Amino acid sequence: MDLGLKNRVALVAASSQGIGLATAETFAAEGCRVAMCARNAQALQSAAEKIRSQHKVEVLAEACDVSDASAVSRFVSEVVDKFGAVDICVTNAGGPPAKGFLSTSLDDWNSAVAANFLSTVYFAREVIPHMQRQRWGRIITVTSLTTKQPLADLVLSNAVRAAVVGLVKSLANEFGKDGILVNNVGPGFTATDRLRELAAAQASSLRKNESEILDRWAADAPLRRLGEPREIAETIVWLASERASYITGQTLLVDGGMYKGL
Ligand SMILES: NC(=O)c1ccc[n+]([C@@H]2O[C@H](COP(=O)([O-])OP(=O)(O)OC[C@H]3O[C@@H](n4cnc5c(N)ncnc54)[C@H](OP(=O)(O)O)[C@@H]3O)[C@@H](O)[C@H]2O)c1
């Protein structure tokens, strides 16, 4: 199947490792020009170099904190200056800490809102005018299974990511007339550093070891295993492609069937 993405400009936020990195790699494998960011410049540059050498595509990598509106604005300007367009924008950030409600501080809430909700607002404000001009665009948010099924001790994620879904549906409604498709991808338990951190936190509070926690999460999915970052990335790239041209305003879980509802 030809995804029709060759030479498109794909910006993938928070992409020095995990799901973001796998997504940047998968766009590169489709012949896209790729823009990447993360806060740690060194890790980001080595991730970008690996993609350049494996896929022979142009890659722009700039340190940027996605919870900082002016940093996002500068980053998007650099992408447009270098590539002349931004066709696809995948918003992503690190996940909030695992906590029950009474353990959260107001700083935790402000950080989660900034990184996991406002970052999408910041990117959408910057990229939509460019996409409108070319009457083609894709915005894909990376959230979580928690958008459909709140999880214990993830109150920050459960609450804040719901706002992203409201934003995604609103943007899809408002900008469909301009050829801009806006969708949300919700990973289930996916084998990345973020998941290992969550497992370590739960292991210490339950006095178990990390691998027992990971095995339990894997067993809870009908597919009886964790997801791989590549599996989330391939869904995102397909949603961005010409093969998903009549899909907008949706949340698509990539969770091995973990979501228990209909
Ligand atoms: N893995 C899972 O099982 C799972 C399940 C559901 C949802 N999710 C969500 O999916 C997203 C990605 O998860 P992941 O597992 O790939 O995470 P990860 O392995 O922890 O990677 C996070 C990436 O985001 C970057 N980042 C973090 N905060 C940033 C910021 N403020 N500005 C710019 N870059 C930032 C990190 O680099 P720097 O630290 O250098 O900035 C890193 O490249 C998270 O929101 C996570 O909660 C993950």
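Modeller: A disulfide is a pair of cysteine sulfur atoms within 2.5 Å. This is a predicted model, in which local features need pLDDT of at least 70 and side-chain atom pairs count only at pLDDT 80 or more, while totals for chains, interfaces and linings use all residues. Residues are numbered from 1 along each chain as its sequence is written, and side-chain values use heavy atoms, with hydrogens and water left out.

Biologist: How many disulfides does the structure hold?

Modeller: For Cys 64, the closest cysteine sulfur is that of Cys 37, at 4.5 Å, which is too far for a bond. The sulfur of Cys 89 also has Cys 37 as its closest partner, but at 9.1 Å, again too far for a bond. The number of disulfides in the structure is zero.

Biologist: Is Cys 89 buried or exposed?

Modeller: Buried means under 20% relative accessible area, exposed over 50%, and partly exposed in between (1.4 Å probe, protein chains only). The relative accessibility of Cys 89 is 0%, so Cys 89 is classed as buried.

Biologist: Which residue has a polar side-chain atom 2.9 Å from a nitrogen atom of the ligand?

Modeller: A polar contact is a pair of N or O atoms within 3.5 Å; within protein, one must be able to donate a hydrogen and the other to accept it, and residues adjacent in sequence count only if both atoms are side-chain atoms. Ser 16 places a polar side-chain atom 2.7 Å from a ligand oxygen atom. The residue at 2.9 Å from a ligand nitrogen atom is Asp 65.
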